[in-house]
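Here are a few friendly notes to read alongside the structure. Take them one at a time and look for each spot as you go.

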Amino acid sequence: MAGWSDWWVIILLISGESKSLLNSNNKYFNEWIELGTKILAPSILAIEYLVDPNAIIIGGRLPLSILELLQEKINVELSKIRILENGQSPKLICSTTGIDAVSLGAATLPMFDLLAAQSIVLNKK
């Protein structure tokens with residue numbers, strides 16, 4: 001397993017050279033992807049069992065090519081650890097909004113507050 005200094009190298013490589021990193025056989029990058037898969041898959045499975053969504057979107061600051069690799073690996077891992085196979089598992093989707101996802105989500109909150117039903121109306125007897 002790689003040490004902390006090796007993980008920083010991976011983070012720096014990902015930030016600028018994702019395409020060449022994907023095509024290389026970098027030991028530390030592959031370990032990082034496997035570790036991310038092992039950590040994310042059980043969390044996604046918990047969301048699947050508790051919330052039962054139609055889709056789960058993964059995203060963030062990672063380049064789309066790396067998100068797609070994670071998506072592929074997580075789907076394989078989910079098929080191994082899934083207990084209940086009911087044929088209606090949520091689709092795992094890569095976000096295309098990139099680093100703006102958080103800003104876009106925050107920007108929708110005032111509209112949601114304005115347009116969503118207020119709890120006083122919902123609890124009216």
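This is a predicted model: local features need pLDDT of at least 70, side-chain atom pairs count only at pLDDT 80 or more; totals for chains, interfaces and linings use all residues.

1. Next come the salt bridges, of which the count is 3. One of them joins Glu 34 to Lys 73, with the closest N and O atoms 3.5 Å apart. Glu 34 belongs to helix 3 (residues 27-51) and Lys 73 to helix 4 (residues 64-81), so this pair ties together parts 39 residues apart in sequence. Glu 34 is partly exposed at 36% relative accessible area, and Lys 73 is partly exposed at 31%.

2. Lys 38 and Glu 77 also meet in a salt bridge, at 3.3 Å from N to O. Lys 38 is in helix 3 and Glu 77 in helix 4, so these parts, 39 residues apart in sequence, are tied together. Lys 38 is partly exposed at 48%, whereas Glu 77 is buried at 11%.

3. Finally, find Arg 82 and Glu 48, whose side chains form a salt bridge at 2.9 Å, N to O. Arg 82 lies in the loop between helix 4 and strand 2, and Glu 48 in helix 3, so the pair links parts 34 residues apart in sequence. Are these residues buried or exposed? Arg 82 is buried at 16% relative accessibility, and Glu 48 is buried at 7%.

Definitions and conventions:
Residues are numbered from 1 along each chain as its sequence is written. Side-chain values use heavy atoms; hydrogens and water are left out. A salt bridge is a side-chain nitrogen of Lys or Arg within 4 Å of a carboxyl oxygen of Asp or Glu. Helices (H or I, at least four residues) and strands (E, at least two) are DSSP runs, numbered from the N terminus. Buried means under 20% relative accessible area, exposed over 50%, partly exposed in between (1.4 Å probe, protein chains only).
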